[in-house]
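Please keep the sequence and the structure in view while reading.

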Amino acid sequence: MNHLMILSGVTFAYFASFVLYLFRMIFGKEFWGRAASFLAWAGLAAQTIALLLRWKASYDRGMGHVPLSNLFESMIFFAWAIILIYLVVEWRTKNRSIGVFAVPIAFLAMAYASISPDISNRIEPLIPALQSNWLTSHVVTCFMGYAAFTVAFGCGLLYLLKNMEKGDKEKPSGFLGKLPSLVMLDALIYQSIALGFIFLTIGIMTGSIWAHYAWGSYWSWDPKETWSLITWLIYAIMLHARYVRGWRGKRLAVLALIGFVSILFTYLGVNYLPGLHSYLKS
Amino acid sequence: MLLKKPNPLWSFFSSVKLTIVLLVLIVLIFIIATFLPPQEAAQEFVQQLSLGTAKVFFFFRLSDLYHSPLFYALMGLLSLNLIICSINRFPASLQQYKAPYFPEPAGIFDNLPQNQIIIANKEKSTVSLAVESYLKAKYGSVRKIDTKKGHVFYGERGRFSLFGVYAVHLSVLLMIAGAIIGSIFGLAADINIKEGETINVVNLAGGKGTHPLDFSVRCDKFTVEFYENGAPKTYRSDLSFIKNGQVAHRGSLLVNHPITFEGLRFYQSSYGTAPEIKAIITYTISRNKSREIVLAAGDTLDLPESKAKAVVLRVEENIMELGPAVKLRITSPQKDVQFWVFKNIDEIKTANPGLLSQVPIFNPGLFKPLVFSLNRIEQQYYTGLRVVSDPGVLLVAVGGALMVAGLMIVFFWSHQRFWVRMEQEGTKIRISVAGRSNRNSAVLQQQIDNLCKRIGQELKA
C-alpha cells in the first residue's frame, strides 16, 4: 500500500477524531471521547508507518533521505508531532478536553499538505545544502517545539473559554463540567511551553551548527532565523513574566496565543520574505 | 541583605520590568527588520521614499538594523540588565543553597492532610531504621536530629538547581561575547576562482576591501552535477592550497563540508560560468609535429615556425547552426588572414562538396602550411568560495551547551526538601511527612505522596 494512501486515511481519521471530540464536548458523554482518542492513536500509528514507508521509498529510489526535507514532509511531521504530544498530555492528565483544539490543527496541517496545489508530495532528492546529518535533528527538534507550543495554544484557548463562562454560574453546561480546572490548564500551558522552549532552543542551536558548516556562519539574520529568535524571545518574555512577576492564568493564555501566531509566521509567513531557507517554498 | 539605600540606577537595572521592556523592544526591531528590504535592495527602496522618511531611514540605519547603533544599544542595556539582575539575586540564592536543614521551617507539620501522617505500631528503633534507610536510598544522604519525643529526618534533592537560572543567563552573555569577538577579530570574505586560476587575495564581505592570504589557493576543477529533475546534486571544487610554492594540502570542497587551512575555513558558496569560453585547438606544423593549446577569445599565440602571430577573434558555441567554431586572425610579415575553424569541419565538407575552395574563410588550413582543428570548446566555470575565520565560535558553542543544560535544570529540576518527623504517642509512633520546594509544587506533592506510600509499605513489611 502506498504511503500517500495511508496518509489520506490518516487525514480522515484525524478529522473524524476531531468530530468525536466535538461530540464529547457537546453531549458530555465520555463514550465519544474514548472513540476520539482511539481514532487519534490509530491515526498516529498509521502515520508513523506511512512516514517509515516514505523513508524506505526514498531509499528504494536511490535518494535515501529522512522524510523531513520539504514543505509537504515538514507539514506531515508537524501533524504527527502535534498528535503525539497531545496524546501524551491526554494520557498523563486523563482529560480529553484539549483534543477539540489540538487535533483539528493536526488535521488542517495534513489536509493543507495534501490539497494545496503549491505543495508537491513527491519524494525529491536532496539539494547540496540539505545533504547534512544535521537535517534530521534540526527539523525534528524545531517541529517538536512547534507542536508543544501548539498544544499550549489549545490549552490557552480552552482557558480563555472556561474563564469567559466562569462568571455566569446559572447555566452550567455539561461541557464546562468536563473541562480541566483553570489551575490545571494554567499548569498545562506552562508545561507545554517549557517543553516547547527547550525543543525550540535545541532546534535553533542545531540550525546554527548546521549553518556553521553549510554557510560559514552560525547566524546570518536570515528572516527565518530572525523569526525563530522572535518566537524564542516571546516565550522567554512569557517565562520571565511568570517566574518573576507572577503572571498566571488569563495573561499566560493570551501570550500562548501570541506565541502561536509567531510560530505560524516563523513556519509559513517567512517564506514570503526573501532569505536562505527557500527549500520550503514549494 | 543590603543595608544602605540602593542606588536608583542600580535598582533601575536590576528590575525584571526593564528586561521585559527591552525584550519587547528587541522583538519589535526584529519584526521591522525582517519586513524591510535586505541591505542589497535598500538603495532602490530609499529612492522611493520622501526626503524626510529617507533621513529617518538612514538615521536609524534601517537598511541594516542588526548592525545599527540602536540595536547595539539595546543589546548593551540587556546585557547590563542581565548582569545586574543576576548579581542582585545571587546572594538570596546562595542563602537558599546554604539554608540549614534544622530546625524545619516553622509550622511545616501543622494541618497536614491525613495521607501525610502515618501511624506505626512498632518499636521506635525499628521505625527509625526503616525511615532512615529508605530516605538514604532515595536521596543519597539523610540528616537526623533528636527531639524530645523522637527524631526529625531530612532528605533533599536538586540543590544545585538553584543555580540553573544563572547558567542560562551566563550562557546568553557568553554568546553575546562570542558574537562581539567574532565581529571584531573575525574575517568573512568571498572569492571567485576560475578553474585553473590561483589566488592569494580575498574580498572582504560588505565591500570592506581586500585581504591578502599567507598562501595561495588554486581551483583545479569545479564540478556541478544535476539530478534527472534538474535540481542540483553536487557542487564540488577541487582545491590545492599552495604554501611557499609547494602544494601543502589538496581537497575536494563540498557544500556542508568546509575545508580548514591555516586557521581559515573555506566554504562552497556559489559558482558560475566565466564569460569566456575555452577552445581546445590542435595545429599541425608538419606531418608528425602538432600541438594542443587552450585559448579563449582575445588570446594570442606565437607561431615561431612561420614567424607569425595568431589572435583568437571569437569563440562560438554554435555558429550558423554548424556547431562550435573559433575565428582566428594570423599575421605574418607576408600575410594577414582570417578564417574559421569548425569542430565539425569533416561533416560540413561532406555535406557541401567544394565548400573550402568557394568559401576560403571556412578553410582551417588557409595559413599554409599550418592546419588548425578545433577539438572541443568548454564552458569555463568559476567557483565562489566563502572564507571565514571566527575566533568567537568556541565561546558561542560553549554558551549554547550551557544554555541547554541550564534550561533543563530550570524546567526539570527543583530544590525539593523533605522533613519526616517521628513522635512517640503512647504505644504508637506517629510519622509526619512534609516538604518544601522552590518551584513546581505539583511535582513536590507527588514526591510527598510517594514518600508516604513507600514509608507505609516499608513499615508493613
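## Backbone features in the loops

Pro369(B) is found in the loop that connects α9 (355–358) with β16 (371–389) of chain B, and the peptide bond that joins Lys368(B) to Pro369(B) is cis, with an omega of about 0°. This geometry, like everything that follows, is taken from a predicted model.

## A buried lysine in chain B

Lys278(B) belongs to strand β10 (residues 264–286) of chain B. With a relative accessible area of 16%, Lys278(B) is classed as buried, because that value falls under the 20% limit. Once its neighbours within four places in sequence are left aside, the residues in contact with Lys278(B) are Val294(B), Leu295(B), Arg376(B), Ile377(B), Glu378(B) and Gln380(B).

Helix α6 of chain B (residues 124–139) gives a similar check on its length: its 16 residues should span 22 Å at 1.5 Å a residue, and its end C-alpha atoms are 22 Å apart, which agrees. The buried residues of α6(B) are Val127(B), Ser128(B), Ala130(B), Val131(B), Tyr134(B), Leu135(B) and Tyr139(B). They cover an arc of only 165° around the axis, and therefore lie on the same side of α6(B). Ser125(B), Leu129(B) and Ala137(B), by contrast, are exposed on the other side of α6(B). The elements against which the buried residues of α6(B) pack are β1 (117–120), β2 (143–146), β3 (150–157), β17 (416–425), β18 (428–437) and α11 (441–460), which belong to chain B. Just after α6(B), Gly140(B) takes a positive phi of about 85°.

## Nonpolar cores

In soluble globular proteins, nonpolar side chains tend to be buried together. In this model, the largest nonpolar core has 123 residues, and those with the most contacts inside it are Tyr14(A), Ile193(A), Trp232(A) and Phe411(B). Apart from its neighbours within four places in sequence, Phe411(B) is in contact with Tyr190(A), Ala194(A), Phe197(A), Ile198(A), Leu239(A), Tyr243(A) and Asn440(B). A second, separate core has 23 residues, among them Ile281(B), Leu301(B), Ala308(B) and Val312(B).

## The interface between the chains

The contact between the chains takes 41 residues from chain A and 47 residues from chain B. Between them, chain A and chain B bury about 3,700 Å², of which 75% is on carbon and sulfur atoms. Pro128(A), Tyr218(A) and Trp221(A) supply 17% of the area that chain A buries against chain B, which is more than any other three residues supply.

## Domain arrangement

Chain A is divided into domain 1 (1–126) and domain 2 (141–282), and the C-alpha centres of these two domains of chain A lie 20 Å apart. In chain A, 24 residues of domain 1 are in contact with 26 residues of domain 2, and the two domains bury about 2,400 Å² between them, 81% of it on carbon and sulfur atoms. Within domain 1 of chain A, Phe78(A), Ile85(A) and Phe101(A) lose the most area to domain 2 of chain A, together accounting for 25% of what that side buries.

For chain B, the domain assignment gives domain 1 (9–96), domain 2 (99–156 + 414–460) and domain 3 (276–378). The C-alpha centres of domain 1 and domain 2 of chain B lie 51 Å apart.

Methods:
Residues are numbered from 1 along each chain as its sequence is written. Chains are lettered from A and ligands numbered from 1 in the order in which they are written. This is a predicted model: local features need pLDDT of at least 70, side-chain atom pairs count only at pLDDT 80 or more; totals for chains, interfaces and linings use all residues. Side-chain values use heavy atoms; hydrogens and water are left out. Domain bounds come from an automatic or database domain assignment. Helices (H or I, at least four residues) and strands (E, at least two) are DSSP runs, numbered from the N terminus. Buried means under 20% relative accessible area, exposed over 50%, partly exposed in between (1.4 Å probe, protein chains only). Contact means heavy atoms within 4.5 Å. The expected span of a helix is 1.5 Å times one less than its number of residues. The arc is that of the directions from the helix axis to the C-beta atoms. A nonpolar core is a set of buried Ala, Val, Leu, Ile, Met, Phe, Trp, Tyr and Cys residues joined through side-chain atoms within 4.5 Å. Buried area is the accessible area (1.4 Å probe) that two parts lose on being put together, summed over both.
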